[in-house]
Amino acid sequence: MSAGGGTKAIIAALVANAGIAIAKFIGFLITGSSSMLAESVHSVADTSNQGLLLLGQRTAKRKATLAHPFGFGRDRYFYSFIVALMLFSLGSVFALYEGIHKLEAHEKLSSPLVAVVILVVAIGLETYSFRTAIVESKAVKGNATWWQFIRQSKVPELPVVLLEDAGALFGLVLALMGVGMTTLTGDPVWDAIGTICIGVLLGVIAIILIIEMKSLLIGEGASQTELDVIVDELAAGKVQRVIHVKTQYMGPEELLVAAKIALEPGLSLAEVAQAIDHAEQRVRNRVPAARLIYLEPDLDRSSAVKA
C-alpha cells in the first residue's frame, strides 16, 4: 500500500466528523443531553485524529538524515498511537465522567426531538465515512478477515479509521437509544446510561488501538508468509541455505531484512558479490516492501561438522 494509502478514507472521516461535531454541539446546547455532549466531544476528538493521521503521512515522507538514517516512516505509527490515546482520553474518559455525573444529577432534557434529528443525520454521515473506509480497506486486506486485517496490517491509518468509524456508528445508536428512552419514559437516567455505554465502547476500541499501534511503534517483523517467501528466495542460486534472518518494518512500506547466508565454497569475490546481488533482487521481486536488505556471506559449517 502506498504512502498515500487510506487518504481518501481519512479525508472522508475528517469532513464527516467536523460537520457532525458542529451539529452535535448545537444539539447539546438546545437539549442539554449528556449523550449529545459525549458524542460532540467524541466527534471533535475524531476530527483532530484524522488531522493527526494526515500529519503523520506527511512527516513520514521526510528524507533520511544522519540522525535518522532509516528515515521517518515510523512517524505514521507514532501519530496513530497518539490518536488511540486521544480516543481514550477525550472520548472514553470524558463520556464516562459525563455519564456518571448526569446519573447523579438527573437533569431533564429539553427539545429531545432536535437531538433525535441530529443523531439520525449524523448516523447517515458516519455511515458514508465508514463505507469509504471499508472500500479502501478491501483493496488491501486480501483474504484476511477484518479482525486479522486490524491485527496484522502494517499500514496504521485504515485500521484506525475503521475502528473509529465503527465506534462512532455504535456510539450514535447508543446515544439515540438513550435520548429515545428518556423521551418515552421521562426518566433522564436512560440518557446517562447511554453516555456511560458510549464511554465503555470507546474505551474498548481505544485499548485495542493502543495495543496494536504500540506493537507497530516498537517494531514488528515480517509476517510468517512474508518470512517464508524471503527465506525461499534467499536460499537459491549459489546460496546453499539461510543460516539466520531477522526482519523489521521501518515504516508501512519499508521492510528491513538482515540475514547470514551460506554460500557455495570456493567462490571468488566477484561471484560472492554477484550471488548477494541476485539474492537481494529475488527477494525484492517477491516482497517489494523489502527495500533495505543486508546480507552477510558465510560458509555452511554445519555440513562440514557432519562430514
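The model is predicted, so please keep its thresholds in mind: local features need pLDDT of at least 70, side-chain atom pairs count only at pLDDT 80 or more, and totals for chains, interfaces and linings use all residues. Residues are numbered from 1 along each chain as its sequence is written, and side-chain values use heavy atoms, with hydrogens and water left out.

Let us start with the helices. Two packed helices are described by the angle between their axes and the distance between the axes. Helices here are DSSP runs of H or I with at least four residues, strands are runs of E with at least two, and both are numbered from the N terminus. Helix α4 (112–141) meets helix α6 (residues 157–185), their axes coming within 9 Å and crossing at roughly 160 degrees. That angle makes α4 roughly antiparallel to α6. By class, 21 nonpolar, 4 polar and 3 charged residues make up the contact of α4 with α6. (Ala, Val, Leu, Ile, Met, Phe, Trp, Tyr, Cys and Pro count as nonpolar, Asp, Glu, Lys and Arg as charged, and the others, Gly among them, as polar.) Axes are lines fitted to C-alpha atoms, for helices over the stretch in contact, and angles run from 0 to 180 degrees between N-to-C directions. Angles under 35 degrees count as roughly parallel, over 145 as roughly antiparallel, 65 to 115 as roughly perpendicular and the rest as oblique.

Helix α6 also packs with helix α3 (residues 75–105): their axes come within 10 Å and cross at roughly 15 degrees. The two helices α3 and α6 are therefore roughly parallel to each other.

Strand β2 (residues 254–263) pairs with β1 in the antiparallel sense over 10 bridges, and the two form a hairpin with 2 residues between them. Within this pairing, Val245 has Ala259 in β2 as its bridge partner.

Finally, the empty spaces. Rolling a probe the size of a water molecule over the atoms shows where empty space is left. On a 1 Å grid over the protein atoms alone, a cavity is a set of points where a 1.4 Å probe fits but cannot get out, while a pocket is an open set with protein on both sides within 12 Å along at least five of seven lines; lining residues have an atom within 4 Å of a point. Grid points are joined across faces, edges and corners, and a volume is the space filled by probe spheres set on the points.

The largest pocket has a volume of about 680 Å³. Among its 22 lining residues, Val140, Gln152, Lys154, Glu226 and Tyr249 are the closest to its centre. Helices α4, α5 (146–152) and α8 (224–234) each supply at least two residues of this lining, which divides into 11 nonpolar, 5 polar and 6 charged.

The second largest pocket, at about 240 Å³, is lined by 17 residues, with Ala60, Lys61, Gly73, Glu254 and Arg291 nearest its centre.

Definitions and conventions
Pairing = 2+ DSSP bridges.
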